[in-house]
Structure formats: C-alpha cells, structure tokens
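Please look over the sequence and the structure shown here before reading on.

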Amino acid sequence: MCGIVGYLGKREKKELLLDGLQELEYRGYDSAGIAIIEDDQLNNFKAVGKLANLREKTKDFHSEGFGISIGHTRWATHGKPTELNAHPHLGQYSYVVHNGIIENYQDLKAELQNDGISFLSQTDTETIVHLFEKYNKISSTPFEAFAKTIERLHGAFATLLITEAAPDTIFFAKNGSPMLIGFDADEVYFASSDTPIIGKATQVYYLEDGEYGYAKSGEVKLFDAKGARAIQKQPLATDKAMAQKDGYRFFMEKEIYEQSSVISDTMIGRVRDKEIYFEELDSAFFEGINAIKICACGTSYHAALTSGYLFERLAKIRCDVEIASEFRYKEPLLDPSTLFVTISQSGETADTLEALKMAKRAGLKSLSICNVDNSSIVRESDAVILTRAGIEKGVASTKAFATQAMVLWMLSVYLAQKRQTMSDEAKAIEITAMLQTPKSLLVTEELHGKLHRLSKRYLHGHGFFFIGRDIFYPLALEGALKLKEISYLHAEGYPAGEMKHGPIALADSKLFTIALMPKTVHYDKIKSNVEELSARDATILAISPEPFTLADDFIQTIYASHPMLEFFEMMVVTQILALEIAVRLGNDVDMPRNLAKSVTVE
Ligand code: M6R
C-alpha cells in the first residue's frame, strides 16, 4: 500500500526515482510524485494515475550534481486520488512522503489548524510536514524537530522528509510499514522493498519498527527509543525477480504469508475504542435500508456467502447473496430499501459491474467492497470500503479473500451497532476476536512442512470434497476453488449436511474429503457427517482443534474462542494444501492455465 523511494547522491535523480517507483507500482498506482532539492533549488512534480503520467510530465526536467530526493506512488486511503492528495506533501519549505496510516491525524490536524495552519489535502500524511515545521521553529536543529514530530505519530508509517532548512539531509522513520536503506560508497537509497535498489546499492539495512534518523553526506545516523544505534548492513541480493517475491517461490505463497500483516491494514482506524468505524460511510448511509443484496463472482462470491450468515446473525438484517452472472439475467425484483453490495478484488469484473449498473438503474443505493481504488466498480458505486490487501499478483486469490471476509465481518458488527442489535458484551467479544485475527493467519514452519509432506498423498484419486457447515461451507467452496484453480484436480465444496442427499454416492477410498471441523460451530453435527463418509471408506483429511480418530490425515488447529478465528486459520490450511499439491504436480501456481487475474468479459 503505497511505495516510497529516496536518494542522496550525485546521480541523475529524476530517472532514478521514476525507475524505483516503477518497481513499486504494484503497491499502488492512483497517483505519484517526486521532490528533489539540488543546489538549494527545490523541484516537485505530481501526477494522477499511473506512473507513465508522471514520466510524461517530467520529460523535460533533469537533475544534475549532488542532491537529495524523495518519491512516492500512492494507494489512496485518506482522500480521493487527486493531485492535491498525491505525495510528496508540502509544508512551507519541506516535503514529506509516507506509507501507512497516521491514526491520530485528526487530532493533530485540529491542533495545527488551531495554530492557523491550512491544509491543502485530505490526507493524514500532510500533518507530518506541518508538525515538523511547527517544531522546527522551536528546535535547535531540524533533526530535533523531526524526532519530536515522529514522537507524536500513532499508527503505521514509513516516511521520508526533506526540507530547505537542511538541504543536504533526508530524514526517515519507520513503524509498522516497510522501509530499507541501501548503501553504495557515498550514495544512500531508501525504498519500501529492495527491488528498486537492486543493481544500484551493494549493501542494505532493513529498518526495524521504532527506528528513525537521517542521511547526510553519504552517512546514515540511526536512532530508536533508547538512543543512537549502529547499523548492521548486509549484502544486497542481486536477483530482482527473486527479490520481488521476497524469497518465496511464488507470489501466491508470499501473499498467503502476508495475510497476517495485511489484515491489520484492513483494520487500522476501523477497529478502535471497542467500536467499529467506517469513515468512508456517511452516518446516514444505512437510513431507510432494511435488506442487503450482495453480488460477486468466484472467490469474492465466497466471501459474500460468509457474510450472509454474519449480517443476519449479528445485525438482524436480511441478506441475499447471488452470483453476479446469474443475477443479471434472472429479471430480479429489486426494492429501493435494499442496499446493493458488490464485492470484487479487481473492481473490473464485467458481470459484477453490470449487476451493479442494473441495481443502480432500479434505484438501489450501492456499496462496493474492493481492493482497487478508482476501479470501474468503485467509480460506479455510491460508497466504497477498500479492503487494503495491497496488490495481489497470484491469479488464485488469497489475501484478497481474507481481507474481504474481514471487511464484511467488521461491516456486520458496524451495522449491528447502528441497528442496536447487539449488546456491548457481545460486541466486545467480536472486537476482541478481530484483534486476534493476525495471529490466526500466521503460517508456521511446522504447518507448512506438514502440509508439504502430506500433499504427496493427494495427487490422484477421483476428486475432492471440501465440506463444512455454516460459515465453513463458503470456506469449503473457497478451498475447493483454490485447489482446482492451481492443481487442475476436480474439487467440490459442499455443505456437510447435504452429502447424504446425493454426493455420498461417490464415496470410496479414492474420494478425498477435506473436512472443516471447527469446535465453535456445530462440531457434533459435522462429526456425524464425516463419520458417514468414513463408514463408506472415503479418505478423510480432518482439519480441527479436536483430534478425530477416523481421520486418515489430521491437521490440528488451535482451540479458538471465536468461529471467525477458526475460519481464518482453516483458510490458511486449505490455501497451503492447494499450493503444495499444485507445486508437486509441476503447475504454474501464479499463472494457472485458462485463467486471468481480472475478468473483464462476460
Ligand atoms: O476481481 P474479482 O474479485 O471481482 O474477481 C472475481 C473472480 O474472477 C475471482 O475471484 C476468481 O475466482 C479468482 N481467480 C479466484 O482465485
């Protein structure tokens, strides 16, 4: 979510920044900007849209000689993708770029506005530069002012600041969002990941949370809460393709591992003070709404199905979920008191977009839950909640699904708050569980190793049934979809209680059943369903906290306190199982045959 680069040295800075940002464009691309100080001369350029627009705008500009520079490619969180909201943000004589979310920006902004400072953008980032200039008036050095500024920030940030008050220095700080420093002789580089500096810097230091400092004359001074720190540089990788995957074999694998951290981004600013907040929704947004209709495709449809249970159970509001391509042609009866929700990772799925247009023509209010700001579905909707998963490269969706499910869970509780359908105690249970989600999404070496070993037994047979009940039924559908997308093996998701109505006829030792057996939801019922399959000799892989004697294979999850925590943990298991089976079969995990990341045709 947003990419940052910085450079201090003698090289031509514009091209260097633009090339670096190109490598980070996957982190966000709704606007980009650069700021350069050279010979005490400040230059700044910004452009909305992809980086190509900034390239075009800067084509006649060149920088020469020693100087300092920062650049940013944006993934909007606060404020629309406009030039004013693009980074770098300007104070009176300083520029800042930032990745993350300053949670207390509203308090800081109010304080600065009280001091008479006007803001140009709607971003949280602009507070950093004004705060710096405020402190610079009363500090003995610009670095002291920067340190005081950082001390005031709550939330996640990786930030670079340059100022005419110290035209040979780049100030930096990191907390929660990634940033590294690259070194080569007396040149210093900054970036959100190492791909922009591979081939340029020779050594690297990956900043830790809470570290800050400055780069000047080829030297970097590093500090944390305890004071000055030594920098332990390490050699920088030289293989760019490998570096983009952060050492993982596939983007899908990297994205599975990332889920634990991106889910925190999804919650930032939304889950706080024992309440759920969606600042992107007008307080009157749900007025007059007495039902919800959700349309989506594929994985997004499975996330929608999960929320069907949550909206009705928690917010006591009717919720229907439909596959967008079916909805379009069924001549649906639509009532303006129904909120029309679309869910899409890409925001470009043709069927979902057309369903949304139909609902709008029928006068329904619309909300999209999407991972790509400014996408067609987002632009078409009355309101949007961004899932903040960051760019997902693997065609088989993983972190997009996790963040969709999280947004929908938060939205159910948000609506329960509004409709007063939940006691404070019940809400506290939901919120406490939400805050534990990052832990449920962690992939341990032990789990991955076990799934790798076990996967060799599941490469043949005549098919897979993923079974579950309640919210674990959509998860079963999603587990089956993941497996078939990348392994090309036949897999179906089924409600466990439905097997005896027909599908159980297929049961024999070559039928692989992946049984989702959470302890928090109808354990005894699903246990009976799995026993029925086992009695017919089906091969059972049970995923449960509770040891299950009839299982041929068993993955033990933790005894969690909340069904959604079991949901997320089991989701990770099914994703890695699919991945390991596909790898053993020699398939292209990131770009499986016949599929596309964004399905813009009917
Ligand atoms: O971009 P969308 O979420 O609207 O895409 C919908 C489906 O095409 C998508 O989820 C597809 O099923 C994925 N390949 C699943 O891994």
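This is a predicted model: local features need pLDDT of at least 70, side-chain atom pairs count only at pLDDT 80 or more; totals for chains, interfaces and linings use all residues.

A polar contact is a pair of N or O atoms within 3.5 Å; within protein, one of them must be able to donate a hydrogen and the other to accept it, and residues adjacent in sequence count only if both atoms are side-chain atoms. Residues are numbered from 1 along each chain as its sequence is written, and side-chain values use heavy atoms, with hydrogens and water left out.

**Around the ligand**

- The ligand is surrounded by 15 residues, the closest being Ser300, Ser344, Gln345, Thr349 and Glu485, where a residue is near a molecule or strand if one of its heavy atoms lies within 4 Å of it.
- Lys482 places a polar side-chain atom 2.8 Å from an oxygen atom of the ligand, whereas Val395 has a backbone N or O atom 3.2 Å from a nitrogen atom of the ligand.
- On its own the ligand has 410 Å² of accessible area, of which the protein covers 90%; accessible areas come from the Shrake-Rupley method with a 1.4 Å probe, and for residues only the protein chains shown count as cover.
- The shell around the ligand holds five nonpolar, eight polar and two charged residues, where Ala, Val, Leu, Ile, Met, Phe, Trp, Tyr, Cys and Pro count as nonpolar, Asp, Glu, Lys and Arg as charged, and the others, Gly among them, as polar.
- Helix 8 (298–315) and helix 15 each give at least two residues to this shell; helices (H or I, at least four residues) and strands (E, at least two) are DSSP runs, numbered from the N terminus.

- Five strands make up an open sheet with parallel pairing, in the order 24-23-25-26-27, and two strands pair if DSSP finds at least two bridges between them.
- Strand 24 (491–495) and strand 27 (553–556) are at the edges and have a single partner strand each, so one side of each is left without a neighbour in the sheet.
- Within this sheet, five bridges pair strand 23 (residues 463–468) with strand 25 (residues 511–516) in the parallel sense, and Phe464 has Phe512 of strand 25 as its bridge partner.
- Helix 15 (residues 472–487) lies across strand 23, strand 24 and strand 25, at about 175° to strand 24; axes are lines fitted to C-alpha atoms, for helices over the stretch in contact (heavy atoms within 4.5 Å), and angles run from 0 to 180 degrees between N-to-C directions.

**The antiparallel sheet**

- Seven strands form an open sheet with antiparallel pairing, in the order 5-6-7-8-12-13-14.
- Strand 12 (residues 211–216) and strand 13 (residues 219–224) run antiparallel and are joined by five bridges, with Tyr214 opposite Lys221 of strand 13.

**Backbone details**

- The peptide bond from His87 to Pro88 is cis, with omega near -5°, and Pro88 lies in the loop between strand 4 (67–74) and strand 5 (89–90).
- Asp273 is not a glycine, yet its phi is positive at about 50°.
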